[in-house]
Amino acid sequence: MEKMNDNSGLKKKKIASACDVEALKKCLQEHKGDYNKCQSQIEAFKSSCSINNKPSESLHIFIDYAENSMEKESSQVLPTCPASNMKTYTPHFIASPFFESLRVSGPDFCASAQSSAEALLNQSNPEFCEAVREYGDRMRILSKKITQILLMCLGKDFEMQFKSEFSSCEGYLRINNYSLPEKRVMGKEVEGLGMHTDMSCLTIVYQDDIGGLQVRSEDEKWLNIDPLEESLVVNIGDLLHAWSNGRLRSSEHRVVLKECRNQNQNRVSLAFFWCFEDNKVISAPNEVVGDGFRCYKPFLCGDYLKFRENSERGKFEKVGFTVKDFAGI
Ligand SMILES: O=C(O)CCC(=O)C(=O)O
Ligand SMILES: [Fe+2]
């Protein structure tokens with residue numbers, strides 16, 4: 001029997017601080033990152049450290065607003081529409097005939113949302129601005145926490161790299177709107193967004209209840225990532241893939257437009273991309289490469305983004321260019 005030696009005779013229970021990740025860290029280290037073996041620590045971490053990810057009331061206003069503003073935009077003739085010159089808006093046919101997207105950038109999500117609202121609708125909307133700010137700020141906090149956990153999974157003391165390598169990361173949000181094709185061939189899948197990897201460290205996706213997101217497994221099978229209430233999807237992007245020398249694998253994914261009961265319903269998703277700053281040189285630290293081969297040449301983050309912007313996009317069955325094409329050795 002354990003000896004109690006403090007005055008009260010009771011062993012004091014360690015109370016988890018706001019975000020005490022020690023237990024999880026220890027478990028992941030002991031089991032070399034195998035999270036299946038750390039379920040109880042993960043549950044404890046979730047309850048002590050998670051932020052409330054349930055889309056708030058204001059987020060619904062924000063999604064409705066985004067849908068309405070994009071419907072208005074897409075019904076206009078693009079060459080005469082002032083917003084068609086807007087760098088933050090991706091109209092139909094750029095990535096896919098059924099996809100359009102509005103970008104809102106940090107660190108000041110509110111200001112960015114405000115200028116998009118003004119350009120799209122010629123009016124400001126404080127509610128929209130506030131909802132985007134709240135969502136963007138929460139996603140930034142969540143991205144940092146997830147990155148810290150991923151670094152722990154790489155091995156002992158890797159989270160020490162967080163401060164020096166990731167502290168200048170910033171995020172941007174894409175509000176994606178997928179319309180459904182009017183004519184459909186039964187049983188034929190329709191491409192909403194072609195196969196691609198994200199140009200981020202990581203991406204956090206909120207999808208509505210329609211579904212359609214698919215991720216390609218290592219053995220090249222497409223897995224449906226079905227919407228789950230109160231859940232977000234996290235993808236590792238190309239920047240973290242290169243920084244970790246391929247140990248954290250960038251996910252190949254796409255969006256399939258499904259048969260839907262209500263054909264008038266659009267699919268909406270919010271993708272938050274957490275990225276290195278443009279002028280960061282991305283080079284896997286020696287500790288990360290270890291005894292293995294270095295797989296990527298050091299490169300400037302902004303140069304990779306330019307390369308992707310100017311190169312062929314992914315198709316339904318073929319992934320577009322990735323960091324392997326740009327910096328692979
Ligand atoms: O709409 C989705 O579920 C995913 C969107 C996506 O992959 C992207 O915007 O990069
Ligand atoms: Fe993506």
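**View 1. Strands β2 and β3 pair in the antiparallel sense over seven bridges.** The model shown here and in the other views is predicted. β3 covers residues 170-178, and β2 covers residues 99-105. Within this pair, Val104 has Leu173 of β3 as its bridge partner. β2 is mostly covered, with five of its seven residues buried; buried here means under 20% relative accessible area.

**View 2. Strand β1 pairs with β2 in the antiparallel sense.** β1 consists of residues 89-90 and is joined to β2 by two bridges. Thr90 stands opposite Ser101, a residue of β2.

**View 3. Strand β10 runs antiparallel to β3.** β10 takes in residues 267-275, and nine bridges connect β10 and β3. One contact to look for is that of Tyr172, whose bridge partner in β10 is Phe273.

**View 4. Six strands form an open sheet with antiparallel pairing.** The order across the sheet is β1-β2-β3-β10-β5-β8. Strands of a sheet pair through backbone hydrogen bonds, in either a parallel or an antiparallel sense.

**View 5. Strand β6 is joined to β7 by three bridges.** β6 is made up of residues 213-216, and the two strands run antiparallel. Arg216 stands opposite Trp222, which belongs to β7.

**View 6. Helix α5 spans residues 126-154.** How far apart are the end C-alpha atoms of this helix? They are 42 Å apart. At 1.5 Å a residue, the 29 residues of α5 should span 42 Å, so the distance between the ends agrees with the expected span. Gly155 follows α5 and has a positive phi, near 145°.

Terms used. Residues are numbered from 1 along each chain as its sequence is written. Chains are lettered from A and ligands numbered from 1 in the order in which they are written. This is a predicted model: local features need pLDDT of at least 70, side-chain atom pairs count only at pLDDT 80 or more; totals for chains, interfaces and linings use all residues. Side-chain values use heavy atoms; hydrogens and water are left out. Two strands pair if DSSP finds at least two bridges between them. Helices (H or I, at least four residues) and strands (E, at least two) are DSSP runs, numbered from the N terminus. The expected span of a helix is 1.5 Å times one less than its number of residues. Buried means under 20% relative accessible area, exposed over 50%, partly exposed in between (1.4 Å probe, protein chains only).
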